[in-house]
Amino acid sequence: MTSYTPEIGYAAIAVALGLAVYASAGAAIAARTGRPAVLASAERAAVGVWLLVTFCMLLLVAAFLTFDFSVRYVATNTNRGTPFYYRITALWGALEGSIILWCWMLSLYTLIVVGRYRRRQPALYPWVLCAMTAIAAFFLLVMSVPAPPFERLTPVPPDGRGLNPLLEDSGMITHPVALYLGFTGFTVPFAFAIAALATGRTGDEWITITRRWTIVAWYFLSLGLLIGGWWSYHVLGWGGYWAWDPVENAAFMPWLTGTAFLHSVMIQERRRMLKLWNLALVILTFGLTIFGTFLTRSGIIGSVHAFTQGSIGAFFLGFLAVVLLVSFSLLAWRAERLRAQGELDSIVSRESAFLLNNLFLVAVTFTVFFGTIFPLLSEAVTGAKVSVGAPFFNLVNIPLFLGLLFLMGVGPLIAWRRASAQNLRRNFVAPIAIGIAAAAILRVAGVGNVLVLGCMGLVAFVTGTIVLDFARAARARRSHGDGWPAATWGLLRRQNRRYGGFVVHLGILVVALGVAGSQAWSVHTETTLNRGESAQLAGYRVRFDGLTASEESNHFRVTGAFTVTNGGSSALDTLYPAKKFYRQEQTPIAYVDYRLGFLEDVYVVLGDFAQDGSHATVKLQVNRMVSWLWIGGLVLTLGTGLALLPEGRRPA
Ligand code: HEM
Ligand code: HEM
């Protein structure tokens with residue numbers, strides 16, 4: 001029976017594209033003329049876009065579930081052996097489908113914006129709607145021309161090629177979804193910024209409205225990055241969570257500018273400064289989400305986890321050019337209104353801590369940007385693609401990050417405007433002593449690496465500032481008669497924004513410890529073992545007990561058994577790393593196994609092996625403090641939740 005899914009899908013996308021263009025134009029006309037009927041019609045069109053994109057998504061899922069190989073995307077990304085739920089996640093397994101997901105999230109955010117702001121923000125709202133639907137129109141254009149998800153495949157093959165085996169992992173459900181929620185989430189503050197510029201209402205209004213949106217987008221991006229790191233760590237088989245790969249950098253850059261933006265808005269709220277800068281930062285952040293996609297999708301730069309490439313590069317580059325041109329023209333047009341009303345009174349003040357925070361974050365962004373596109377620059381100049389490795393990124397960025405940690409301790413406690421000597425003494429003498437003491441203790445304990453000592457000393461310093469501040473505030477509440485639990489709870493509740501920020505900072509500190517510890521103290525070895533033989537590393541013995549082979553639904557698997565002991569006679573664990581052989585892949589895929597620990601993970605990768613299982617090569621790693629990255633992610637989640645609660649009281 002012929003399936004009409006391709007034609008139906010195409011038609012739905014074409015109609016959605018028409019509606020998005022109509023909604024955007026309608027909203028602009030309504031904004032200029034103030035005609036409510038036009039605005040209402042534009043709103044209905046935006047709802048229509050959401051309905052149609054939802055329909056497209058469901059249609060594609062249905063095609064996956066029914067193995068409709070007349071759709072090329074389905075045939076490329078599944079086969080009859082693909083397990084059920086990977087057939088659903090295959091939706092975003094490659095370029096065309098992930099654009100649908102992107103567009104769907106964007107249309108959903110648009111729907112929420114319509115519901116929330118059409119009455120509350122009559123001045124800004126039409127332009128917000130105009131910008132968001134214009135962006136949706138761009139994605140629908142991409143789905144219509146260079147990356148059609150419903151392209152027909154003839155003749156219809158009896159089976160599909162199958163999903164990239166690396167993607168059969170629980171990370172497939174969470175990582176892309178979190179990242180795209182982050183990327184698309186930044187559309188909302190961006191659209192409000194455009195609306196602020198278009199209407200000339202460039203005061204604090206748009207910043208106050210979008211604070212929660214920004215935090216939500218920023219949080220999802222953080223989560224996507226962390227889950228990506230987790231995925232790299234347990235799937236790619238090299239035992240690392242970060243490689244300064246272009247795809248990683250693509251997500252990291254908007255995270256950096258987004259973090260800068262979260263902070264710089266506080267200066268505008270408090271001191272009426274940095275209006276222009278805030279607008280520029282949010283434009284930059286949104287631009288970087290588009291640029292990242294261009295970079296990872298155009299195929300101009302090689303990456304370990306770019307899964308599909310197509311001809312969409314030119315579209316994204318063109319769109320980026322339009323976005324930047326329109327935004328910066330608006331910015332130039334309104335420059336007069338964006339003059340600061342406050343000014344910097346002293347270098348030793350909270351304002352300047354924030355300014356430095358922004359400067360450092362933008363400097364890291366620039367280095368990452370430069371390092372990522374360097375292969376292109378070098379190719380243009382010398383004809384050879386020279387890629388920039390981790391040493392470059394680390395050399396420049398580690399000092400900047402250490403600087404950021406220092407500021408993270410200083411910023412929240414130093415006085416606004418001008419800090420007195422007394423303010424500095426009162427807030428910083430004790431934490432500095434704690435930081436120095438921590439570094440000294442570690443030095444005596446044998447830690448030699450200066451960067452690690454610096455990082456850990458700074459973490460202790462910042463933790464000291466947070467504890468000091470909180471203890472002081474809680475003591476003040478206690479003097480009003482509250483017990484400690486009530487005082488703590490009361491503070492968190494009443495000043496949830498401030499302490500939410502602090503808890504996020506604590507999360508970052510835990511991540512920083514994880515990064516420093518794992519870089520400095522992880523050890524590894526690679527060796528060939530006969531059956532029954534053991535390898536030793538960092539106090540662990542790992543014995544090779546043999547191999548088993550099995551036929552899985554869509555691949556053939558050879559699994560090794562390794563018994564882990566730590567010197568004693570009883571086994572701690574048995575690990576089963578494997579090699580998976582897929583029909584559609586030339587080289588086997590590693591399946592890593594590890595024993596997760598609070599302080600260290602024992603991590604085993606199966607290498608080459610003898611057919612009869614008599615011997616095998618094994619890569620053995622003892623990775624220290626990697627778990628702290630994931631724990632830091634949990635702390636960050638708590639902090640974000642706290643910061644997002646309705647404000648108990650505006651910070652004093
Ligand atoms: C720290 C590590 C990682 C980071 C920062 C990262 C970053 C990204 C980014 C920026 C995107 C969106 C690409 C776009 O603009 O369309 C993406 C998508 C995706 N990532 Fe990752 N990633 C990481 C690790 C991984 C790993 C290890 C895998 C799988 C082995 C993976 C699988 C995917 C998939 C399937 C998508 C969605 C489909 C696609 O865009 O190709 N990621 N990731
Ligand atoms: C990369 C590291 C950082 C991250 C991820 C981060 C994240 C955050 C987040 C999410 C908030 C809550 C924002 C809100 O509720 O609107 C916050 C608040 C804050 N951050 Fe950071 N931050 C970082 C570094 C810094 C640095 C270097 C400074 C130094 C100036 C700083 C100073 C502050 C201050 C003063 C607050 C507000 C606390 C209050 O309301 O009093 N942060 N931070």
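A residue is near a molecule if one of its heavy atoms lies within 4 Å of it. By that rule, 23 residues surround ligand 2. The closest are Arg211, His263, Leu407, Arg498 and His505. This is a predicted model, in which local features need pLDDT of at least 70, side-chain atom pairs count only at pLDDT 80 or more, and totals for chains, interfaces and linings use all residues. Residues are numbered from 1 along each chain as its sequence is written, chains are lettered from A and ligands numbered from 1 in the order in which they are written, and side-chain values use heavy atoms, with hydrogens and water left out.

Start with the shell around ligand 2. Its residues divide into 14 nonpolar, six polar and three charged. Here Ala, Val, Leu, Ile, Met, Phe, Trp, Tyr, Cys and Pro count as nonpolar, Asp, Glu, Lys and Arg as charged, and the others, Gly among them, as polar. Next come polar contacts, pairs of N or O atoms within 3.5 Å. An N or O atom in the side chain of Arg211 is 2.8 Å from an oxygen atom of ligand 2. The elements that give two or more residues to the shell are α9 (205-235), α10 (246-271), α13 (350-382), α14 (390-410) and α18 (496-521). Helices are DSSP runs (H or I, at least four residues), numbered from the N terminus. The largest share, six residues, comes from α18.

Now look at the metal. What coordinates the iron atom of ligand 2 at 1.9 Å? His263 and His505 do, each through NE2. Donors are N, O and S atoms within 2.8 Å of the metal (3.2 Å for Na, K and Ca). The pair links distant parts of the chain: His263 sits in helix α10 and His505 in helix α18, 242 residues apart. Ideal angles for six octahedral donors are 90 or 180 degrees.

Are these two histidines buried or exposed? Buried means under 20% relative accessible area, and exposed over 50% (1.4 Å probe, protein chains only). His263 counts as buried because its relative accessibility is 14%. His505 is buried too, at 15%.

Finally, turn to Leu124. Leu124 lies in the loop between α5 (95-117) and α6 (125-144). Its relative accessible area is 0%, so Leu124 is buried. Contact means heavy atoms within 4.5 Å. Beyond its neighbours within four places in sequence, Leu124 is in contact with residues including Phe192, Arg201 and Trp206.

Conventions: A polar contact is a pair of N or O atoms within 3.5 Å; within protein, one must be able to donate a hydrogen and the other to accept it, and residues adjacent in sequence count only if both atoms are side-chain atoms.
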